[in-house]
Amino acid sequence: QYYKELAAYHEQDVLHETAVRSAFQNLLAAFAPSVNWLLVPEETLANGKRPDGTLRDTFRLPRGYWEAKDTRDDLATEIRKKIAAGYPTSNIIFEDTRRALLYQNNRVALEADLGRRDDLLDLLRQFFSYTEPDIATFEAAVDEFRQRIPDLAQGLLARIDEEHSKNARFVKAFGVFLELCRASLDPQLNRAAVDEMLVQHLLTERLFRTVFNNPDFTRRNAIAAEIENVIAALTSRAFNRHEFERSLDRFYIAIEGAARTLDNWTEKQHFLDTVYERFFQGFSIKQADTHGIVYTPQEIVDFMVASVEEVLRRDFGVSLSTPGVQVLDPCVGTGNFIVNILRRISGAALAQKYASDLFCNEIMLLPYYIASLNIEHAYYERTGTYQPFEGICFADTLELAERQQMSLFVEENTERVKREKEAQIMVVIGNPPYNVGQKNENDNNKNRPYPVIDHRIHETYVKDSKATLTNKLYDAYVKFYRWATDRLQENDGIICFVSNNGFLDGIAFDGFRKWLATEFTHIYHIDLGGNARKHGGGNVFGIMVGVGITILVRHNIRKEVNHKPANIFYWKAPEPQNGTAKLLFLSKTASIAQIEWKELYPDEKYNWLTEGMEIDFPSFLPLGSKNAKTAKGETSETIFKLYSLGVVTNRDSYVYSFNPTELRDRVKTFIDIYDGVVDKLRRQGRTLDPTALIDTNDVRIKWTRQVKFSLSKLQYSQYDQAFMRTCLYRPFTKKNLYFDDFWNEERYQQPLIFPIPETENIAICIAGVGDRKGFGCLATNTIPSLDLAFEKAQCFPYYTYAEDGSNRRENITDWALAQFQARYGEQVTKRDIFYYVYALLHHPQYRERYAENLKRELPRLPLLDDGAACAACVDIGKRLMALHLGYEQAAEYPLRWIENPNAPVNWRVEKMRLSPAKTSLAVNDWLTLADIPAECYRYRLGNRSALEWIIDQYQVSTDKRSGITSDPNRLDDEQYIARLVGKVVTVSMETVKLVEELAGEVLFNFLEEHAQNPPE
């Protein structure tokens, strides 16, 4: 068959690789089943390489590879290139239909003339019968084992899935165990999560038994013993543990053989830590996201434990060795903190501390096993006697705060939990998970709610926050701070966490900072930086968010009649440092005793880091306030009564489009899909889990929080043409938006600002509090997007309406009008104030001087002492606003049009490109716009100039998930984009001129005067 296919191609003179390789692919695919292999074409490997074929066995392990080359290529040269690029040479065929080279064990094993049948048979026989030799060294075995963990786990998962449908004994045992898990860990736990627990158990049980010479682990460990009952049922058919392990011998045997000669426990433990990280980051990605799977570097562990010891001695006159000083690690991971503490405790106190004063919890099975092994071995190392560690619980720490009475797996684990709950914990130490929740509801990986903890957060951190958006206060690590504070039970003690340190200056964390200062006497924070968005140097964990070590101390707080806010001490790592340098600093410094602290003095808004903030800013008129929005009547002492964030859809590619017809069809499709699921749910009854009916792989719809909630309520959706609206999506970029509360995640107050298409209104949109792109503002007369040009755009409208478009009211308060008229006279109107605001928010000295203040709160505006300056502001603000709103009617800037005579006349834009000097713009192959003035780039909105926003938005692009293509080209006006470029250049140039006029001598002097003579 192979030779027939090749002959057919040769008869048509088809010799290129793409065509002729299919013959060899069919050949491999035909032979693979005879050895229980499967050919997977063009699979991307872990190193990013993509051979033409990967052959996997029944455990999904790659056993061989194939790479075809063009007949016209020099095969030897092409092979050298592929090997140099990183293609595997463990067992791979390189062929060009005439010759083939078989590489095995990193060298040429066979060269075959593919025109000879015997050579071809020898090639196939040797390729398919090849078994890789055992790996020679422990280090190499460990490295390969680490790489293969995702494949091993996936293969195991497939076998377990098969047993669910064929093994009655297993199904029964699994059902009992699943209910036990739900009762003990999480009522919402699903089958897949428990399947994964079994995978974790099977992957590590043999390692514990052989590498760590602990054959009794599954008998001694109460949780492991319980799971063994399920494993016994799982392996009761033809699939049994012995046969399975024999298939994996190549990976295990080298590790086990080398391990027998190793006396160094640290090296073995490092291997186990590697398995831990690789399993979660390479296979169990959702759990890694939910629980923040990050191995804590030993330098951080040493520093934190030594610092706790320092505080105990200095402030309390005790130590970690003192009986009764009870320590709890709420998310123990692999046990590093408890092991470190065990090594510091005096020998005389060790037995008592090990038995009575050390506690830890772990919710995931694999780290629970590893922590148990590490902690028990650390004790064995010091005493020479094995003693089970009774302080570790297989439990969810936050769940323990939810329920007072519970049965937790087996009686032994329940007793441990009871003893821990009764302990008077003095030290809470650890590395809590960091994530704030799933980024995509389609992942169905939402953080689980904890009603008790969430309520405590709401009553403390949220209640005292002035921020509009407070969802970050429900981040997992914040829950652990709230839990740990409450766990001290108002007693003296210490909390020491390494965590996300976004709370240092996060806008939503003002209430959090207030409560920390209220509930503790001393706060120490080591700011290790590493926030990728803030250029905070290297990260000690290799993650994107900033990291810090926080030590909270409560000492004699109950004895103080009038407790003062905590003394706050701060140290920040130099920003250029990489993560390794920061860890080296911690290692050399050893503890907080050696740190040169800077004491922080928070302001009245609970800002800790106040450097660069101007003290006169609070004396200005507030643009808006959270209290004013919710207050009834006109008593608000702000300029605007109501303001709102822009629209959040969480499905932009689905509900925004340049083309209204495409948008309509798209919306009707996903509404039909959604309503179909409602129908199915109604037929099958409310008892069914709604998410079980959701096909998250269907790219025609995107499931988000609000839509899932509507589904749970069995609510239908219906297309309505009235929801088709014009929106300002990005600067000078209008799109059609399906403006429906059902399919927009949050519309905020926009229905009161732009309720109907005919709405007459203008809103000033500004950078939201905490924006990382720099302050900016832009006026709009259509619905704005949340990410207009800045992050979390806040919109201040001139009018507000009822949702049906009636009851129009001016949104500038009478209080603000009174302030302006008292200063400038009765002739000032609310419209004048609107223009004044727009002008002053563009003032370059205002933006520069109050840059730090504008990161922390909404703008406050001064009343200029000079009436002439006020009038200038009103006039320039009016002209700026007219310019920005009327950008489509602006005159085109006289750019030089260069037409390519070798290309047909064509107005279509795929992607415009600026020249390196930014003086010309290639619209397409036919048209280039030249002589772009450098001045136009000075008009910036967020992190781009206005012109660069046009280039960014007016291009054909395809959304990766949905496959939806955004095409800005207009059939009714094919020249629109090219003409728009010239108009936006004009708008930019005129804006720069008006801002320069605004920054005239009068205003500049006023701001300078305030800098030298701030109000009291």
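Predicted model: local features only at pLDDT ≥ 70, side-chain atom pairs only at ≥ 80, totals over all residues.
Q: How do you know that the span of helix α21 agrees with what its twelve residues should give?
A: The expected span is 1.5 Å times one less than the number of residues, and for the twelve residues of α21 (residues 476–487) this gives 16 Å; because the end C-alpha atoms are 16 Å apart, the two values agree.

Q: What makes α21 largely enclosed by the rest of the structure?
A: A residue counts as buried under 20% relative accessible area, and eleven of the twelve residues of α21 are buried, so the helix is largely enclosed by the rest of the structure. Among the buried residues are Tyr-477, Phe-480, Tyr-481 and Trp-483, as well as the charged Lys-479, Arg-482 and Arg-487.

Q: Why is Pro-449 called exposed?
A: The cut-off for exposed is over 50% relative accessible area, and Pro-449, at 57% relative accessibility, therefore counts as exposed. Pro-449 lies in the loop between β10 and α20 (451–462), and, leaving aside residues up to four places away in sequence, it touches Asp-454 and Lys-479. The C-alpha atoms of Pro-449 and Ala-476 are separated by 10.0 Å, although the two residues are 27 apart along the chain.

Q: What makes strand β4 mostly covered?
A: Five of the five residues of β4 (residues 91–95) are buried, with Asn-91, Ile-93 and Glu-95 pointing one way from the strand and Ile-92 and Phe-94 the other way. In a regular strand the side chains alternate between the two faces of the sheet.

Q: How do you know that β3 and β4 pair, and in which sense?
A: Two strands pair if there are at least two bridges between them, and β3 (residues 62–68) and β4 have four bridges, in the parallel sense; Glu-67 stands opposite Phe-94 in β4. Between these strands the chain passes through helix α3 (residues 75–85), and this β-α-β crossover is right-handed.

Q: What joins β4 to strand β5, and which way do the two run?
A: Five bridges join β4 to β5 (residues 99–104), and the strands run antiparallel, with Ile-93 opposite Leu-102 in β5. Three residues lie between the strands of this hairpin, where Thr-97 takes a positive phi near 75°.

Terms used. Residues numbered from 1 in each chain as written. Heavy atoms only, no water. Buried < 20%, exposed > 50% of the residue type's maximum accessible area, 1.4 Å probe, protein only. Contact = heavy atoms within 4.5 Å. Right-handed = clockwise from strand over helix to strand, strands pointing away.
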